[in-house]
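Reader: I have a model with two chains open on my screen. Could you walk me through how they meet?
Author: Gladly; let us look together.

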Amino acid sequence: MALDFKASVMWESVPLLLGGVHLTIIITLGGLAIGFLVGTATGLAKTARGKLPRTLADIYVEAIRGTPLIVQVMFLYFGLPLAIGMRIPPVTAGIVAIAVNSGAYIAEIVRGAVESIDVGQTEAGRSIGLTRMQTMLHVVWPQAFRRMIPPLGNQFIISLKDTSLLVVIGVGELTRQGQEIIAVNFRAFEVWLTVAVMYLVMTLSIARVLRVYERRLNARFGR
Amino acid sequence: MSVEYGKSILLHGRLVFLANEQKSYFGNNPWKGDDTMKTCESPMITVRNLHKRFGQNEVLRGIDLTVCPGEVVVIIGPSGSGKSTALRCINRLEEITSGKVVVDGHDLYDPATDINYVRTEAGMVFQQFNLFPHMSVLDNVTLGPIRVRRTSRAEANRLGLALLEKVGLADKATAYPDQLSGGQKQRVAIARSLAMQPKVLLFDEPTSALDPELVGEVLEVMRALALEGMTMVIVTHEMGFAREVADRVIFIDQGRIQEEGPPDEFFGAPKNPRLREFLSRVHHA
């Protein structure tokens, strides 16, 4: 049976899909904001002197990186409420899942960037009497942060696509919206194509902004 | 090297008056090397029986060193001898395995000692400069005073510009480190250390990473500092500089001090055979 392609379906589904995009963006931004804080704390913990922070950080990162996101999402939404006896709204669960997941990967990004800064920088900072914290804050972090931008931008794109997995817990993000439209008009080809294009528009925009930001940052440091 | 009261020198076109009370510790009696330990009433640096091991490798095997206020001590030695490690033990950039290190009366390994404070008294200048690339030259110099001494930005800038002037780089205050030549970078690094008004300056092969034609401008700044009475401990390969500026030269080889003495004796009539061999291998002025 040949497909009769109806382009009009694509335009017609856009408004509904945009409702999904709205949620996709909120969950991505919210999740990443928290994930960045968690990831930075964890990444710095991995470079700490004490054994305890390092071990805790390692456990967290390995557990998250070693398990599929979809399992983490379902554990958070279906499993955890049974244990703690409290229901979590789907969107909240989605944001937390993205936060916890991206946090682990961001931890490695932060750790890598901080460790890549030449040890002479730290030595020079300490030699003028700066404490470890001051050296990190004024000398190491500003340089490390600049190196983190490309991999962080990459994580942004990854987490944005990861939100599509939240369809399994019923969050009304973009993928779910697509599913609901197809449930009514059965036009799977056109609708999924449109959904894919919308994801592409978002990820390409992020990539574009990233390139511009990187270029400006490099220009300022005269490199 | 004795200095008279009230002497002045011309430095970068400006008259620099030498600190009045900084007379050479020796007065008229040059220190005699050998086994006699250098003594002075309140030494700036005291190192006793310093041992440092990296894993199985014992790099320093019992270093004893005293540096008096106003002294310029130069340490030379073959690569791998432990001379840089010894220097880095003085401001605790390296942790000692055993021994005692006292800087300006502070025992570095006493738990009550604030190591950050001690480091403001003992500044270090590195072979690789280690300037902060994300900050301007002036900000590099003022970071210490602002963050550690809590000096106001205006006051710190004033101090910073004066120091940059002193090393001949006031016009580069707003430039960034990667716009400078190696010699300029090192001079900024010296200004950065001086901004903390240290009691002693430690130099770890300050000119080794410089192109030959840039070495002179850095040595000139160091010479001026020495003339002003700054206590300095310098690890270097610049024998000519050592001969001219040092009060005492020390030869470290295989983790031990093999010989020390005033430059004339040290270079003119070296006693230790390994030192003689080392000097003959190094072309010096």
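**Where the chains meet**

Author: This is a predicted model. Between chain B and chain A the count is one salt bridge.

Reader: Why is the pair B:Arg88 and A:Glu123 called a salt bridge?
Author: The closest N and O atoms of B:Arg88 and A:Glu123 are 2.7 Å apart. A salt bridge needs a side-chain nitrogen of Lys or Arg within 4 Å of a carboxyl oxygen of Asp or Glu, so the pair qualifies.

Reader: What else links the two sides in polar contact?
Author: The rule finds eight residue pairs in polar contact across the interface of chain B and chain A. On the side of chain B that touches chain A, helix H2 (115-121), strand S8 (122-125) and helix H3 (137-147) of chain B each give two or more residues. The largest share, four residues, comes from H2(B).

Reader: What makes up the side of chain B that touches chain A, by class?
Author: That side has 11 nonpolar, seven polar and five charged residues.

Reader: How do you know how much area chain B and chain A bury between them?
Author: Buried area is the accessible area lost on being put together, summed over both parts, so the value of about 1900 Å² covers chain B and chain A together. Of this, 57% is on carbon and sulfur atoms. B:Asn116, B:His134 and B:Arg147 supply 28% of the area that chain B buries against chain A, more than any other three residues.

Reader: And which element gives the largest share of the lining of the largest pocket?
Author: H6(A) does, with six residues. The pocket has a volume of about 840 Å³.

Definitions and conventions: Residues numbered from 1 in each chain as written. Chains lettered and ligands numbered in written order. Predicted model: local features only at pLDDT ≥ 70, side-chain atom pairs only at ≥ 80, totals over all residues. Heavy atoms only, no water. Buried area = accessible area lost by both parts, 1.4 Å probe. Polar contact = N/O pair within 3.5 Å; in protein donor to acceptor, adjacent residues only side chain to side chain. Nonpolar A, V, L, I, M, F, W, Y, C, P; charged D, E, K, R; others polar. 1 Å grid on protein atoms, 1.4 Å probe; cavity = no way out; pocket = protein on both sides within 12 Å on 5 of 7 lines; lining within 4 Å. Points joined across faces, edges and corners; volume = space filled by probe spheres on them.
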